[in-house]
Amino acid sequence: MGKIVLVTGAARQLGGRFVRRLQRDPGVDRVIAVDAVPPGHLLGDAEFVLADIRQSAIARVLAEHSVDTVVHLDVSAKALGAGGRTTAKETNVIGTMQLLGACQKSPSVQRLVVKSSTNVYGSAPRDPAVFTETTPPKSLPSGGFAKDAVEVEGYVRGFARRRPDVAVCVLRFANILGPEPDSPLADYLVLPVLPTVLGYDPRLQFVHEDDVVDVLEIAAREPRRGTLNSGTFNIAGDGVLLLSQCSRRLGRPTVPLLLPAVTWVGSALRTVGMTDFSPEQIRLLTHGRVVSTVQMRETLGFRPKFTTAGTFADFARSRGPGLLPPERVGRAVARLAELPIAGGPADTDTTHSTHSAR
């Protein structure tokens, strides 16, 4: 008999894509898709179970179907439907606790894959240039989705100690983008005008939705020869982009503001429901974050099809043109760079540092 895989968060676009992908794997016999709300997309031949992972009923689902592989994707910065930040936090933290408790009691569970985020590293002014999987954060996230991810990973480590017989894989994804993104950062990037923090141009990394589905499939299988898919891995596309480069490629002008003003604008946007411009996102848009993907390549054996720049280009194409044509913005920036005031030593140093980051 092939594997019986349970996937949480199946009502989300990413969860639905992964459920459909699993059904093409000859090593998978059945797929059990779980969510607290009915999905708005097709799940193929998967068996959908309407269940809230915050409730103890999830243990019955594992037992009834003799699940041997659990892929926990219901860890997100945004709640589905009308749920707000409180619902998202409960699903992330309490839901993970209930799910892990059910997995601990289930003798059939042999593999656990958990979707996490590079948000666990936080964003601070004294951060290292590049985070590895073992780099401790300079400042632990104090709230929001980043704190949820830290708590989720703590519960997963506790589960791994109690069930050493279960292969556990934690995937820390960089900002996920693509044609159908579902994240606060994607909501921010499609604003007509992008508020930025005066004096800062953070480095950002992205990972494409297609690569997310590919690496989840690798994590859910038995490891390929010469690889190991148990442990914690950073997942991101090659290279980095500066926020200024992102705005130009989108054709969206930026409005540099002092940090208190950005915080006020973020609160206003959050109040009217345009985007969840949280304090953690403001810190990301101030200090940025870059992670090492050496373990992803050398240990997990995964090489993304999309670079960070390629991922962002696909996202930009799906969003349509901004207020300013990117070509015109690029020409204007090039002309400004030729001016004597912009051609001094300070500007040269900035150019070199930008290329080094990329």
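## The nonpolar cores

The largest nonpolar core of this predicted model has 32 residues, and Val-7, Phe-18, Val-71, Leu-171, Phe-173, Leu-216 and Ile-235 make the most contacts inside it. A nonpolar core here is a set of buried Ala, Val, Leu, Ile, Met, Phe, Trp, Tyr and Cys residues joined through side-chain atoms within 4.5 Å. Buried stands for under 20% relative accessible area, exposed for over 50%, and partly exposed for what lies in between (1.4 Å probe, protein chains only). At least two residues of this core come from each of β1, α1, β2 (28–35), β6 (167–173), α6 and β11, with α6 giving the most, seven residues.

Leaving out residues up to four places away in sequence, Val-7 touches Phe-18, Val-19, Leu-22, Val-31, Ile-32, Ala-33, Val-34, Val-71 and Leu-73, where contact means heavy atoms within 4.5 Å. Another core, of 28 residues, lies apart from the largest one and has Ile-4, Leu-6, Ile-53 and Val-168 among its members.

## The overall fold

The protein has 13 helices and 13 strands. These are DSSP runs numbered from the N terminus: H or I of at least four residues for helices, E of at least two for strands. Of the 358 residues in the protein, 50% are buried. Among contacts with a separation of 6 or more, 80% are between residues 24 or more positions apart.

## Helices α3 and α4

Two packed helices are described by the angle between their axes and the distance between the axes. For α3 (residues 85–105) and α4 (residues 144–162), the angle is about 5° and the axes are 10 Å apart, so α3 is roughly parallel to α4. That label applies to angles under 35 degrees; over 145 counts as roughly antiparallel, 65 to 115 as roughly perpendicular and the rest as oblique. The axes are lines fitted to C-alpha atoms, for helices over the stretch in contact, and angles run from 0 to 180 degrees between N-to-C directions.

On the α3 side, the contact includes Val-93, Met-97 and Leu-100; on the α4 side, it includes Val-152, Tyr-155 and Phe-159. By class, the residues of this contact are ten nonpolar, four polar and five charged. Ala, Val, Leu, Ile, Met, Phe, Trp, Tyr, Cys and Pro count as nonpolar, Asp, Glu, Lys and Arg as charged, and the others, Gly among them, as polar.

## Salt bridges

The structure holds 22 salt bridges, each a side-chain nitrogen of Lys or Arg within 4 Å of a carboxyl oxygen of Asp or Glu. In one of them, Glu-222 pairs with Lys-3, with the closest N and O atoms 3.6 Å apart. This pair spans 219 residues, from the loop between α6 (209–220) and β11 (231–235) to strand β1 (residues 3–8). Glu-222 is exposed at 52% relative accessible area, while Lys-3 is buried at 17%.

Arg-17 and Glu-209 meet at 3.8 Å, N to O, linking helix α1 (residues 13–22) to helix α6 across 192 residues. Arg-17 is partly exposed at 24%, and Glu-209 is buried at 7%. Asp-52 and Arg-54 form a salt bridge at 2.7 Å; Asp-52 is buried at 19% and Arg-54 partly exposed at 22%. Elsewhere, salt bridges that share partners join Arg-21, Asp-25, Asp-214, Glu-217, Arg-221 and Lys-305 into one network.

## Notes on the model

Residues are numbered from 1 along each chain as its sequence is written, and side-chain values use heavy atoms, with hydrogens and water left out. As the model is predicted, local features need pLDDT of at least 70 and side-chain atom pairs count only at pLDDT 80 or more, while totals for chains, interfaces and linings use all residues.
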